[in-house]
Amino acid sequence: MSLPQHANVVIVGGGIAGCSVAYHLTKLGITDVVLLERKQLTCGTTWHAAGLVGQLRATRNLTELAKYTAGLYHALEAETGQATGFKQNGSVSVAKTDERFEELKRGMSMGKTFGLEVELLTPADIKRHWPLLEVGDVVGGIFLPKDGQTNPIDTTQALAKGAKMRGAKILENTRVLRILVENGRAVGVETAEGTIRADTVVLAGGMWSHGLAADVGVAVPLHAAEHFYIVTEPVAGMPSNLPVLRVPDECAYYKEDAGKILMGCFEPIAKPWGMNGISEDFCFDTLPEDYDHFEPILNDAIRRVPALATTGIQLFFNGPESFTPDDRYYLGETPEVKDLFVATGFNSVGIAASGGVGKVLAEWIAKRHPPLDLCDVDVRRVQPFQKNRKYLHDRTVETLGLLYAMHWPYYQYKTARNARRTPLHDRLVAAGACMGELAGWERPNWYAAPGSKPEYQYSYGRQNWFDACRVETEAVRDAVGLFDETCFAKFLVQGPDALALLDRISVSKIDVAPGKLVYTQWLNERAGIEADLTITRLAEQEFMVVTAAACHTRDLAWLRHQREALGLTGCWITDVTAGIAMLGLMGPNSRPLLEKLTGLDFSNAEHPFAWSREVEIGYATVRASRITYVGELGWELYVSAEHCLDVYERILEAGQDFGLRHVGYHVMGACRVEKGYRSWGHDIADEDTPLDAGLGFTVAWDKPGGFIGREALVAQKARGMLPKRLVQVMLVDDSRSVPLMYHEEPILRDGIIVGSIKSGAWGHRLAKSIGMGYVACDAGVTKEWLASGTWEVEVACKRYAAKVQLEPLYDPRNERIKA
């Protein structure tokens, strides 16, 4: 087949993800699709995958995609005539420790929220499911009956056949040399056989994706690692219907394969691969054996499955798989180049993910927006520096093993640290800061007391920093706390069209007096929240946008793309994050402290809430903005990076008289949940509207020119009732045994699951376990409906009485922040 000159969609990569995208595009009626594979279908990573099809994922939507994948693989043979080898034999996960068992039980409760069938297992139950297993040291486990396994090559061929049956063209032995970009848009690809133009390009190139993307200035951070497994000789008497088995405490998984056992691992210290590039001839290649590396896993496996001791090894396999810095794959349109989409970096879950991935990416391409909230895997979460090869190499040592490591709350990566540091980093470490990492930034999460180590001791209960955060919270509540908030992203928007741009994309009125600060959201056309941030008017034609560090890339891309879509040429957007430090002074003594530092009046009359002005501290000019994310009187201070240390030192010196204390991000996170402040990506995202989220107070319904998403939001408002709303949740029990809520714990009304937790924490000001989550009722979520029910939250298979309300749990009348 010759290379066409043009296609509606060109897909780069013939693994299971690329073929799934082609399959689903043609199902939508987009049949002018050309898939280009450098060698043969599946020859990179897909062919040697273990073929596990698990369904329970970290969020509802990702679980729904995995559930769809299982259903798709089950039906493909009937549709295409191509066998897939799929069988729905279930999966068992085993815990050797109480901590792991709690993790599994929390996952089981979460699975109920997602509508999954999950069964709790005793060691005897596990033995019945897997008779070959030694269970003497097992605490318990869970069984997911709808999980399964499939043949990766046959499944990929079935997807490819389905795509071709509806008109797609698949060209093997066609190597893509580079992606063609013109005026910021992908317009095709150049291959060894010639050039093909396209309206959309999809990069599904597995471990080749990083290089192809980097060549056109796009960050797709991933790195290959060696992945090991063995296949035994036939095992005498082995049942053919064994479920997939995972023993994460031993880093191992097992599956029955034609009477043999395939046993693979995700070891704690992995071996990155491909640092010197990938051979152009790579095709179904394997990597050299490393028995010494695999031996500790194998020894544990022989103890776990004694039959292995007397069974020969038919195959010792080692092959490369791609891993990303956060163990989540990449999906969607890239922020750097329009019309370039990615589906790559699958972290050994590509088989289980690709069916759903193909479906949602095809819909995303067709509609030019994601069909559901996919922020966990959206490529716009990437920070540009993360494409650095040394960073990726160092992080990959850790990320492979994290798949089976304990998924502790607040876990901090150990590798590839100190990539981004604020001007105060060393001072904060000297003050006892225990640093965490977000978007590459080193941030003080909590401060250790003198004589104790600033190191995490993880658990699902109260971790070792619990008391440290109580002390920090008391400082914020009763005196004044100092936060280093430099990691927050900051954009200057300037020019004669600056106001027109910001007013059009914001739900709030931005045409305010210079010095006014506006809390607002940016919506899509469906009224879903794309961003949640503040905008300060600095001058008639100058504004400063401030948003969360994790949203840096996404929000900057949205801002720039909307400027292009609106055709506003008289507007300049500058990312000033690195040049401007940001400090927070929060608490009732922030006012007298600032008055001492500046000699100015910071009373309500002279500096009201949500206003900003320039002041002098030491030798620096500082912008002081009265705003808070912790629910106390406070100011954010913006200072150029070179003056940051001077200002910091003067704050410390003057703060001695006001009870000043360093405070970390764990306190900020807990305080914002107490106060009901939303966090994008946790409590709000592009499926949630301001009305769903209780943010209707930010909306300027009748401002001139309206705003993006207004029509959809007005229509929702006109319907009157809200079938889904964000609520505050507090467990009634306040004993030390009360559990902490983290994410996706089921919320029950009168014994029926009606929602789930999105954010959770321990609120030291309330002395309660608290959270925020969405609840749903077809007739509308109202105060009366909330008040008339009996509420519980399920944590690790146990239910706890709860109080549920719409109003903030702490200071609902805002008396403290406006004092």
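Visitor: Which helix gives the largest share of the lining of the second largest pocket?
Guide: Helix α13 (residues 552-566) does, with seven residues. The model is predicted: local features need pLDDT of at least 70, side-chain atom pairs count only at pLDDT 80 or more, and totals for chains, interfaces and linings use all residues. Residues are numbered from 1 along each chain as its sequence is written, and side-chain values use heavy atoms, leaving out hydrogens and water.

Visitor: What counts as a pocket and its lining?
Guide: On a 1 Å grid over the protein atoms alone, with a 1.4 Å probe, a pocket is an open set of points with protein on both sides within 12 Å along at least five of seven lines; lining residues have an atom within 4 Å of a point.

Visitor: Which residues lie nearest the centre of this one?
Guide: Glu333, Lys338, Arg368, Trp558 and Gln562 do, out of 24 lining residues.

Visitor: Now the sheet: what is the strand order?
Guide: The order is β29-β30-β31-β28-β22-β32, in an open sheet of six strands with mixed pairing. The edge strands, β29 (612-617) and β32 (660-662), each pair on one side only. Strands are DSSP runs of E, at least two residues, and helices runs of H or I, at least four, numbered from the N terminus; two strands pair if DSSP finds at least two bridges between them.

Visitor: How many bridges join β28 to β31?
Guide: Seven bridges join β28 (residues 580-586) to β31 (residues 634-640), and the two strands run antiparallel. Leu583 stands opposite Leu637 in β31.
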